[in-house]
Amino acid sequence: MARHFLTLLDLEPAELDWVINRAIELKKMQHAGEIYEPLKNQVLGMIFEKSSTRTRISFEAGMTQFGGSAIFLSSRDTQLGRGEPIEDSARVMSRMVDAIMIRTFDHEIVEKFAAYSKVPVINALTDDFHPCQLLADMQTYKEHRGSIKGKTVTWVGDGNNMCHSYINAARQFDFKLNIACPEGFDPHHQLVDDNADRVQIIRNPKEAVINSDLIVTDVWASMGQEEEQQARMVKFADYQVNKELMDLANPDALFMHCLPAHRGEEVSAEVMDDLDSVVWDEAENRLHAQKALLEFLMCQEG
Ligand code: CP
Ligand code: NVA
């Protein structure tokens, strides 16, 4: 049975720790110019139904560095975009490639795909979750500040796919999560309730960030919500991560953003470019963290 990575809950906490530590090692190896090709001749299929810069490049570069290759499949060009059933596509593709990565809308699409796939399926973002980004974020925190266990993270902004993955991360990596979101933009309540021992909604961002070790935000309108952009600008006006807000957190608090960012909206230009901002390491770590994930899922020994 293939192991899938649809949310952070698909790996045990110890397995996630292995992936993060391995990502740190693989990064050092790559920076030293060491050639390491554990996936020679293996192929990753990459289905994109939404745009991407980081995710596509990191998976494609990662497979090449590992001695394998990746096929970019936009839904415009495949029969998926013309209505071929997901289960049929999964059965066919998984007989030809060694793993499949999907970025799509409904989370049920990746679940259905995985149910019919013989090979590992990786969620590269759905409307509900973005677990690959969390691997990079957890690696980045560890590299800069050590273990995140027992720390306090504050999510500021929309209760979206990234926020949901932060809730799962709070559980798997054992940290406390405050969520500062405007009313009407809460994360799924069931997810919050299931993790009530470590996750709480605090509406006022100035209150939420106190004693926090990491402040994270994301765009106010996600992919697929473009027409809500203007209305959301009004609702989220008090939820910008700026210097004033960062100054209320712990003195060594880091700032993260999965990118792409809108300076002047969810984050000020000053915070993006501040010393506490680790957004470029976070983006680079998509490469290393996903290579560790590919190795875990695709190599027998894991
Ligand atoms: N953070 C992230 O997933 O970026 P892309 O949309 O560019 O892949
Ligand atoms: N919440 C954003 C994340 C982009 C990487 C979106 O879904 O568009």
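This is a predicted model: local features need pLDDT of at least 70, side-chain atom pairs count only at pLDDT 80 or more; totals for chains, interfaces and linings use all residues.
Beyond its neighbours within four places in sequence, M223 is in contact with K50 and S51. M223 sits in the loop that links β8 and α9. Buried or partly exposed, by its C-beta neighbours inside 10 Å? M223 has 15 of them, so it counts as partly exposed.

Next, select D218. The loop between β8 (214-217) and α9 (229-235) holds D218. Here the count is 25 C-beta neighbours inside 10 Å, so D218 counts as buried; the cut-off for buried is 20 or more. Show the contacts of D218, leaving out residues up to four places away in sequence: G157, D158, N160, M162, H257, C258 and E266.

UniProt, in an unreviewed entry, lists N161, D218, S222 and M223 under "binding site". These positions are spread over 63 residues of sequence, yet they cluster in space, with a largest C-alpha distance of 11.6 Å.

Move on to ligand 1. Which residues are around it? Select S52, T53, R54, T55, L125, Q133, C258 and L259. Colour this shell by class: four residues are polar, three are nonpolar and one is charged.

Last, colour by domain. Select 4-130 + 285-299 for domain 1 and 133-282 for domain 2.

Terms used
Residues are numbered from 1 along each chain as its sequence is written. Chains are lettered from A and ligands numbered from 1 in the order in which they are written. A residue is near a molecule or strand if its C-beta atom, placed from the backbone, lies within 6 Å of it. Ala, Val, Leu, Ile, Met, Phe, Trp, Tyr, Cys and Pro count as nonpolar, Asp, Glu, Lys and Arg as charged, and the others, Gly among them, as polar. Domain bounds come from an automatic or database domain assignment. UniProt positions are given in the numbering used here, feature names are shortened, and annotations may be inferred rather than shown by experiment. Helices (H or I, at least four residues) and strands (E, at least two) are DSSP runs, numbered from the N terminus. A residue is buried if 20 or more other C-beta atoms lie within 10 Å of its own, exposed if 12 or fewer, and partly exposed in between; C-beta atoms are placed from the backbone. Two residues are in contact if their C-beta atoms, placed from the backbone, lie within 7 Å.
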